[in-house]
Amino acid sequence: MRIAVIGGGPGGLYFAALTKALDATHQISVWERNAADDTFGFGVVFSDETLGGIEHADPGIFAAMQAEFARWDDIDVHFRGQVITSGGHGFAAMSRRRLLELLQQRCAQLGVTVHFRTEAPPVDELAASYDLVLACDGVNSAVRSKYADTFRPQIETRRCKYMWLGTDLVFDAFKFFVAETPYGVMQIHGYPFDATGSTFIVEMHEDVWRRAGFDVFSARGFGPGESDGDSIAKVRELFADILGGHEVHANNSKWVSFATVRCESWRHDNVVVLGDAAHTAHFSIGSGTKLAMEDALSLAACLHEEPTVNAALGAYEAERKAVVLSTQRAAQASLEWFENLGQYVHQEPMQFAFNIMTRSRRVTYDNLRLRDPEFVAAVDEWFADHEVRRGVTAPGSGVRPPMFQPFRLRGLELKNRVVCSPMDMYSAVDGLPNDFHLTHLGSKALGGAGLVMTEMVCVSSPGRISPGCTGLYEPEHEAAYTRIVDFVHSHTTAAIGLQLGHSGRKGSTKLMWEGIDEPLPEGNWEVVGPSPLPYAARNQVPRELTVADLGEIRDQFVASAQMGSRAGFDLLELHCAHGYLLSSFISPVTNNRTDAYGGDLAGGLRFPLEVFDAIRDVWPAEKPMSVRISATDWVDGGIDAEDSVGIADAFAAHGADAIDVSTGQVTPEERPAYGRSYQTPFADRIRNQVGIATIAVGAISSYDDVNSLILAGRADLCAVGRAHLYDPLWTLHAAAEQGYVGPAAEWPDPFKAGSRRPQAGRTDGPRPRLELVRTGGRAGTRHQRWRPIG
């Protein structure tokens, strides 16, 4: 094949070398606009996984790189005068300039033609005369722009400013320096790349950046390759205590706002994009060079394996896209964590260190325990003491996995941090819960959850979502729920909570498995809402509620709450989420009223707060109340994360004890960013900005995630839904897996014989010792630091 490569960075050169090595008959030409010894940036970092791929693909390149590596295991978090270290991470870094030299040498050995200081010919000309055109032309890719209709790029620019610098201060580990300056919080990401220097990245929120005056320095124009000298001088001044007299080096160093690039397609006919031209991921979780070289390896392999270029490009995109999307989700979580860094500076250093380690949700409690058990043990010990000090855990609870620390809300003490999430069962008749609901809720309570929540219990017959939804508006409803509550209290140590709501415009619909949100074909009832806006074109247009109607519905909530109190529920949750009635007042997507119950956010909150206040007046003072909210509508013009803080703050001011933080389901036009624990950042923001307890919910399915979220201070409780449907004994099994035995996960007496994991098939017996002298010493946490020789 004849292959043209636009861009002679690490991705393009590595692809050229690998492809030429696989088949010497390929004619490969690389165009690079800069000189061979020009480079931007300082060091690049590789993971052990990536290095394994490089070693397998080209042992020669790997050996040359390995000779240059700075290697270390530790991450140091410098915060409020303390240094917290976590080990066992395994880093390898090298100079970007040296990496380019090695790849250039390898290409020269193999006969790849590289044109330095030369602009590539127009891409359409290359596409006509070459079998394949590879565009590695960076984040501002001209090729991507030319074929934008095919690649369909989305570029998201965020609110932090950063500058890439170097220093002759040679760090001995990866360093996070978090500095609370007169202008606000700033952070340094630092790591060594050879015996002479380290990468030194300065980052801060754009508001802090402006207060520090960096915007003034940045406003003047800079020539090609010129650095922002005035800003760099101020960085030296601000971080003089870190630098200790060492120099700061610039290399085209100017303030940048990170742009995340996502492309729906990576190919246009025989033109394909790679590396930053196709995708970017925030530098806080790794190197863009690492991703580009992984792309290069994959593309070279696919071209070698597949019979045609077309098939190879399809295989490449299918193979790499899932990996890149996963990386970008983790990078996005990390980016947003640093963007919101100011909301965590109240945390004590130990929790802050655990929080920063787990910010991407890729590194978790269990993962850290494998890498550095001493670090996790220290954080567990700190957490046990901290929860006693803040009054949510009784003294003497002791050190245990975070999810099994008790938690107090008003007069209610939950035995652990696990909530069985409210889940509609669509199995009632005329609002009446039955033996199915007793079995459903009873099994989850027997299974160890600290708090078991009912589904949304409707306050009136027309307030039901479907004919199968439960209610609490008739005496027989109260009696049935009393039976369920009595079972939970008499046979388990769980608490049970009542969630009250009204369907609003999303009512009179089919059972979930018959067609979720689809209107009933017959036997339907009138639906109501703040405004005459249907949920979807197929749904009823709701009748706009009058002020008198609002008073009547408020009283229905009060009557249901009184029934719930008599039934013995331990906690009451007001459902103000998912586009149901109270939620639809809050969201501007569903409320266009012009009276006191519409307009701005305060107007939209008026009726939900009136309902909350009326319930709080009749709900026992010693029993807590929570509120479920949709923290974002996932559409432009709807509720967003910033609004959610105001919503939570309003309910907190009215006496809410916790906010159950969900998202969306307000409009079918939503575009959620699904992923593991994807709603947790909203609970995190509310907890750390408002100062109220939060319940995290949404794609939380592992006990590892629960431990991570609780210990990092992102939530106080975790609501687990589908995992409880899969395994009603989910919490007890989580305790068994972690070796925890105690009051937070007590097996019912009839179940205790099954409290240990049963043996499954053949297992290898104990192995004999066949090593006279241990070659690696005893296993333990790796705490290797970078100490260059010489």
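This report describes a barrel of strands, a helix beside it and a surface patch in a predicted model.

## The barrel

Eight strands form a closed barrel in the order 20-21-22-25-26-27-28-29, and their pairing is parallel. On average, neighbouring strands of this sheet are turned by 25° against each other, direction ignored.

Strand 20 covers residues 418-420 and runs parallel to strand 21, residues 451-458, with two bridges joining them.

## Strand 29 and its neighbours

Strand 20 also pairs with strand 29, in the parallel sense and over three bridges. Here Val418 stands opposite Cys718 of strand 29. Strand 28 (residues 693-697) runs parallel to strand 29 as well, and three bridges join the two. Ala696 has Cys718 in strand 29 as its bridge partner.

In a regular strand, side chains alternate between the two faces of the sheet. Strand 29 spans residues 717-720, and both of its faces are covered. Leu717 and Ala719 are buried on one side, while Cys718 and Val720 are buried on the other.

Helix 18, made of residues 475-491, lies across strand 21 and strand 22. Strand 22 consists of residues 495-501, and helix 18 runs at about 150° to strand 22.

## A nonpolar surface patch

Met512, Trp513 and Ile516 make a nonpolar surface patch of about 340 Å². Ile516 lies in the loop between helix 19 (512-515) and strand 23 (528-529).

Is Ile516 buried, partly exposed or exposed? Its relative accessibility is 48%, so Ile516 counts as partly exposed; the exposed class begins over 50%.

Conventions
Residues are numbered from 1 along each chain as its sequence is written. This is a predicted model: local features need pLDDT of at least 70, side-chain atom pairs count only at pLDDT 80 or more; totals for chains, interfaces and linings use all residues. Side-chain values use heavy atoms; hydrogens and water are left out. Patches are made of residues with over 30% relative accessible area and no salt bridge: like charges are joined within 9 Å, nonpolar side chains (Val, Leu, Ile, Met, Phe, Trp, Tyr) within 5 Å. Accessible areas come from the Shrake-Rupley method with a 1.4 Å probe; for residues, only the protein chains shown count as cover. A salt bridge is a side-chain nitrogen of Lys or Arg within 4 Å of a carboxyl oxygen of Asp or Glu. Helices (H or I, at least four residues) and strands (E, at least two) are DSSP runs, numbered from the N terminus. Buried means under 20% relative accessible area, exposed over 50%, partly exposed in between (1.4 Å probe, protein chains only). Two strands pair if DSSP finds at least two bridges between them. Axes are lines fitted to C-alpha atoms, for helices over the stretch in contact, and angles run from 0 to 180 degrees between N-to-C directions. Contact means heavy atoms within 4.5 Å.
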